[in-house]
Amino acid sequence: MRQAPNIMLTGTPGVGKTTHCESLAERTGLRHISINQVVKDKGCHEGWNEEYQSWIVDEDKLLDAIEKEVHCGGCIIDWHACDLFPRSWLDLVVVLRVDSSTLFDRLTGRNYAEAKLQENLDSEIMEVLLQEARDAFDEAIVIELTSNTADELESNVDRIEAWIKQWKLDNAS
Ligand code: DAT
């Protein structure tokens, strides 16, 4: 039995996953697991995709690399895909959403290649990651939150922090 919940924060690149995870980790003491960082640091990939400027992830290696840590609970997993993670690993899946004009500004600031920029904007408009989360997990554990403004960031973090406190009360051994 986990002493603290595992939470996934997912959504299109640029929605605010890292910003939310860092704030949550600071406020709750849960550990932020940046999958991008794990893939890079632990070599969980089969090379680099030039066009998309991203690693070609080896999902089995990635799951092996974080399994022990996730098993202990208290992890906030930060990545743009969620359906590779076993259902039993996660207690809450938060899908962050953002308006397309805001996302456009954030991604333009990152100097993404045209193909990657367009793919991410399309993905957000088509709600690809929200659908992926709903297909992969029990609907009761999937929530959608908007992340356009600093006020929304603050209220999202408050809400998730309150959820963590309640989870701990409900699951106290
Ligand atoms: P992600 O990890 O999903 O790629 P990020 O946390 O790096 O996204 O955020 C991308 C940029 O947007 C970064 O400059 C911080 C800013 N940002 C994120 N969420 C925000 C919010 N709710 N309000 C204002 N700015 C936000």
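With which residue does D91 form a salt bridge? Before selecting the pair, note that this is a predicted model, in which local features need pLDDT of at least 70 and side-chain atom pairs count only at pLDDT 80 or more, while totals for chains, interfaces and linings use all residues. Residues are numbered from 1 along each chain as its sequence is written, and side-chain values use heavy atoms, with hydrogens and water left out.

Select D91 and R2. The partner of D91 is R2, and their closest N and O atoms are 3.2 Å apart. D91 belongs to the loop between β5 (75-78) and β6 (92-97), and R2 to the segment before β1 (7-10), so the pair ties together parts that are 89 residues apart in sequence. Nine salt bridges are counted (a side-chain nitrogen of Lys or Arg within 4 Å of a carboxyl oxygen of Asp or Glu).

Next, select the ligand. It is surrounded by 15 residues (a heavy atom within 4 Å), the closest being G14, K17, T18, T19 and R110. This shell divides into four nonpolar, eight polar and three charged residues.

Now show the polar contacts (N or O atoms within 3.5 Å). In the side chain of T19, an N or O atom is 2.5 Å from an oxygen atom of the ligand. For R110, a polar side-chain atom lies 2.8 Å from a ligand oxygen.

Finally, colour the helices (DSSP runs of H or I, at least four residues). Both α1 (17-28) and α7 (150-170) supply at least two residues of the shell around the ligand. The largest share, three residues, comes from α1.

Technical notes. A polar contact is a pair of N or O atoms within 3.5 Å; within protein, one must be able to donate a hydrogen and the other to accept it, and residues adjacent in sequence count only if both atoms are side-chain atoms. Ala, Val, Leu, Ile, Met, Phe, Trp, Tyr, Cys and Pro count as nonpolar, Asp, Glu, Lys and Arg as charged, and the others, Gly among them, as polar.
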